[in-house]
Amino acid sequence: MNNLSPAELVLVKKACELTRDALNYCEKQIVPGITTKQLDNLVEKYIIDSGGYPACKGYEGFPASICTSVNDMVVHGIPSDNVVLQEGDIISVDLVVRYKGFHGDAARTFPVGKVSEDKLRLIEVTKQCFFEGIKKLKVGHRLGELSHAIQEYAEKNGFSVVRELVGHGIGKSMHEPPNVPNYGKVTDGPLVTENAVIAVEPMINMGKKEVWLIEDGWGVVTRDGKCSAHYENTVHITKDGIEIWTM
Ligand code: MF3
Ligand code: CO
């Protein structure tokens, strides 16, 4: 696991607060008729005005400040003038803020206007997967306990867990060790250590778990075309428990 110094932790926490604020701001902009590119422009300005930098921009060539993934898109949607949000859609927004060289990472799935009961249930179960997972995140325990709990809760509710994408340590880099899968055995993974900071991010499909990459090289969509949801927070592990820094 990564292990950050007290001075580094202060900066990661600040980056996480900017991440949280930008996501809350983004949520307020979501209305039927807005394009995902308009959202990207608004949130980019918000992040920069708040003193942070939208770290997705330019990351391995990603062309925008936030990821906007609508309905059957799981993650990494590129904001576009051609994607107009419609009443009844769900949109996952994932964003990373860099502050003085340190990162915070969070994602939420939001309903657009009034959405169906089954989509709302997908959003709620995905969020609860995160909380079921972090209940098991304890110093000295295996990280696999978290992974297993997330998978169990998702599948118990009739949904499936994406395998190709996982959570991660975070700090000076957006992605640091360890990998934080949303599936697996309680005996998997490293032992959890204090002063680690990780992004826990269940990606849960309404239908089957299989996904594929679209032609733009970024967007990941479900193969069966059913909806997917994402819920992510950056969390700090202490010997006394977990602090959720992006909420
Ligand atoms: N939050 C995403 C992650 O955990 C970050 C993707 S940024 C992108 O991987 F630039 F790769 F899109
Ligand atoms: Co992440």
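**Stop 1: the metal site**

Start by selecting Asp 105 and Glu 232: both are buried, where buried means under 20% relative accessible area, exposed over 50%, and partly exposed in between (1.4 Å probe, protein chains only). Before going on, know that this is a predicted model, where local features need pLDDT of at least 70, side-chain atom pairs count only at pLDDT 80 or more, and totals for chains, interfaces and linings use all residues. Residues are numbered from 1 along each chain as its sequence is written, chains are lettered from A and ligands numbered from 1 in the order in which they are written, and side-chain values use heavy atoms, with hydrogens and water left out.

Now show the cobalt ion (ligand 2). Which residues coordinate it? Asp 105 (OD), His 168 (NE2), Glu 201 (OE) and Glu 232 (OE) do, at 2.1 to 2.3 Å. Donors here are N, O and S atoms within 2.8 Å of the metal (3.2 Å for Na, K and Ca); water is not among the atoms, so sites may look incomplete. Along the chain, the cobalt donors follow the spacing D-x62-H-x32-E-x30-E. Asp 105 sits in strand E5 (residues 102-111) and Glu 232 in the loop between strand E13 (228-230) and strand E14 (233-238), so this pair links parts of the chain 127 residues apart. Helices (H or I, at least four residues) and strands (E, at least two) are DSSP runs, numbered from the N terminus.

**Stop 2**

Next, select Tyr 59, His 76, Leu 165, His 175 and Glu 201. Of the 19 residues lining the largest pocket, these are the closest to its centre. That pocket holds about 340 Å³ of space, and its lining divides into 11 nonpolar, 4 polar and 4 charged residues.

For the second largest pocket, of about 250 Å³, pick Arg 108, Thr 109, Phe 110, Lys 127 and Tyr 231, which lie nearest its centre among 17 lining residues. Helix H1 (6-29), E5, helix H3 (117-134) and E13 each supply at least two residues of this lining.

A pocket is found on a 1 Å grid over the protein atoms alone, as an open set of points where a 1.4 Å probe fits, with protein on both sides within 12 Å along at least five of seven lines; lining residues have an atom within 4 Å of a point.

**Stop 3: strands side by side**

Colour E14 and strand E15 (residues 241-244). They run antiparallel, joined by 4 bridges, and form a hairpin with 2 residues between them. To see one bridge, select His 236 and its partner in E15, Glu 243. Strands pair if DSSP finds at least two bridges between them.

Then show the open sheet of 3 strands, in the antiparallel order E6-E10-E13. Strand E6 (160-161) and E13 stand at the edges with a single partner strand each, so one side of each has no neighbour in the sheet.

**Stop 4**

How many disulfides does a search of the whole structure find? It finds 0, a disulfide being a pair of cysteine sulfur atoms within 2.5 Å.

Finish on the backbone. A cis peptide bond joins Pro 177 and Pro 178, with omega about 0 degrees. Glu 60, although not a glycine, has a positive phi of about 50 degrees, and at 64% relative accessibility Glu 60 counts as exposed.

Technical notes
Grid points are joined across faces, edges and corners, and a volume is the space filled by probe spheres set on the points. Ala, Val, Leu, Ile, Met, Phe, Trp, Tyr, Cys and Pro count as nonpolar, Asp, Glu, Lys and Arg as charged, and the others, Gly among them, as polar.
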